[in-house]
Amino acid sequence: MQPSMAPHRPNLAAAYDPEHFRRLGHQLVDQLADHLARTTRREGPVLPWAPPAAHLERFPANFPEEPTGDASALLARVIEGSHHLHHPHYVGHQVSAPLPLAALCDLVSSLLNNGMAVYEMGPISTAMEHNVVGWMAGVLGLPEGSGGVLTSGGSAGNLTALLAARQAKAGFDAWNGGPTAGPPLTVLVPESTHYCIARSVRMMGWGAEGVTPVPVDARYRLRPEALEEALAAAKRAGRRPIAVVASAGSTATGAFDPLEAVADFCSKHDLWFHVDGAHGASAALSPRYRHQVKGIERADSVVWDAHKLMMMPALITAVLFREGHRSFEAFAQEASYLFNGQDTRRWSDVALRTLECTKEMMALKLYTCLSTLGTKLFADSVTDTFDLSRRFAERLQSSGDFELAVSPDCNIVCFRHTPQGVPTSELDALQVRLRESLVTSGDFYLVQTTLGGRVWLRTTLINPLTTDEDLDALLNALRRAV
């Protein structure tokens with residue numbers, strides 16, 4: 001006879017009932033599949049726009065004391081009212097339309113809830129992570145002996161890499177002694193770098209001058225000839241430069257810095273070479289566009305987001321180190337209740353090398369999709385989206401009423417509508433109004449940025465189902481919205 005679960009708590013027993021879970025799960029998958037079918041057919045809005053106050057009212061915190069049994073209805077409202085990234089008219093932020101298989105893996109991960117601080121808490125996901133990270137390092141051309149970890153996003157990834165750089169190049173023990181145990185440090189970064197780099201160095205206690213900006217060219221790429229002066233300026237300011245951060249797919253324009261020239265400079269001056277490839281490292285998967293990251297194999301560390309061009313749900317970021325042992329130096333601390341005073345360089349105890357202690361089974365999603373869908377799917381997706389972006393740029397240049405900010409390096413395209421008769425002084429305000437019109441109507445979702453003191457519309461062509469026809473429709477929608 002099977003023992004009953006908490007017979008004096010029937011609501012608790014019902015909440016864990018396998019058959020109830022089976023019924024709800026089938027119903028939820030049907031709801032999500034219907035949602036996927038509608039959005040990929042371009043039905044309904046991309047974003048069902050509502051102001052924040054409206055959703056506060058629609059989802060109040062008046063939680064009942066007893067069960068209502070309305071989970072399916074509630075989740076249906078969530079699906080209907082959320083941002084629909086699988087809609088081919090989503091061309092906004094660098095957030096993927098996740099592979100449905102990866103979403104199912106998320107369900108497995110959430111139910112199993114195998115945290116990954118130590119091997120025994122997540123044995124399968126630990127092994128998967130080790131091998132996925134090794135595969136990614138190999139794709140980039142990093143040498144034997146490289147390694148790394150998965151962590152929760154590019155911001156955490158860049159912080160992890162910079163912590164390792166500090167341990168390797170500071171010349172003093174900043175981890176135990178703090179930032180005042182030696183001279184003030186700085187890193188050289190292009191003016192176009194993601195804000196998380198400046199945030200990371202401030203978190204490490206380096207202050208505003210922990211970042212030394214390096215000028216960029218007209219294509220928003222780091223100017224390698226400016227590195228020597230940036231290095232000298234940092235030293236004149238009393239700072240010890242320890243690293244150069246280069247971008248492989250910058251956030252604003254998708255620019256790829258000249259990685260080989262940066263690698264040469266770092267080698268000459270004994271500086272750590274870090275590549276923020278959160279967005280663009282996936283170019284290495286594409287035979288046609290791999291040249292964009294030439295030189296990345298010389299980096300001491302690389303950050304690569306799988307939740308961008310590899311179609312994974314957020315967040316899965318690889319932090320890769322040319323010398324794998326460097327991954328143990330980012331967080332040189334021992335927690336005796338976890339690690340029992342044993343060898344603190346075991347690859348199988350992941351929390352030794354990550355910001356997180358408890359960490360979800362990140363590798364499960366990527367490993368499963370690579371294993372069952374094949375690597376060519378990912379290579380083809382990168383190639384196709386980069387190709388689409390170049391065709392879109394050509395269409396903008398030949399349109400007569402749109403202006404292209406810069407020829408795209410990857411799948412990010414910045415442009416502005418310049419209809420005849422609109423004064424130049426009013427074009428910035430026009431871009432803001434056009435974007436607001438399209439977003440609030442739900443026709444398209446795109447964002448905006450400021451380049452050279454002017455406002456530009458910004459698209460990230462990240463949904464593999466977006467077509468040339470969708471982009472023609474975007475331009476026509478902008479024309480109608482004037």
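Predicted model: local features only at pLDDT ≥ 70, side-chain atom pairs only at ≥ 80, totals over all residues.
Colleague: In β7, which residue is the bridge partner of W304?

Modeller: Residues are numbered from 1 along each chain as its sequence is written, and side-chain values use heavy atoms, leaving out hydrogens and water. Strands β6 (residues 301-305) and β7 pair antiparallel over five bridges (strands are DSSP runs of E, at least two residues, numbered from the N terminus; pairing needs at least two DSSP bridges). Within β7, the partner of W304 is A318.

Colleague: And which residue in β7 stands opposite V149?

Modeller: Strand β1 (residues 147-151) runs antiparallel to β7, joined by five bridges. Opposite V149 stands V319.

Colleague: Are the two faces of β7 covered or open?

Modeller: In a regular strand the side chains alternate between the two faces of the sheet. On one side T317, V319 and F321 are buried, and on the other A318 and L320 are too (buried means under 20% relative accessible area with a 1.4 Å probe, protein chains only). Both faces are covered.

Colleague: Nice! Moving to the sheet β8-β9-β11-β10, which are its edge strands?

Modeller: Those four strands form an open, antiparallel sheet in that order. Pairing on one side only are the edge strands, β8 (402-404) and β10 (447-451).

Colleague: What angle does helix α15 make with β9?

Modeller: Helix α15 (residues 427-441) lies across β9, β10 and β11. Angles run from 0 to 180 degrees between N-to-C directions of axes fitted to C-alpha atoms, for helices over the stretch in contact (heavy atoms within 4.5 Å). For α15 and β9, the angle is about 115 degrees.

How values were computed
Buried < 20%, exposed > 50% of the residue type's maximum accessible area, 1.4 Å probe, protein only.
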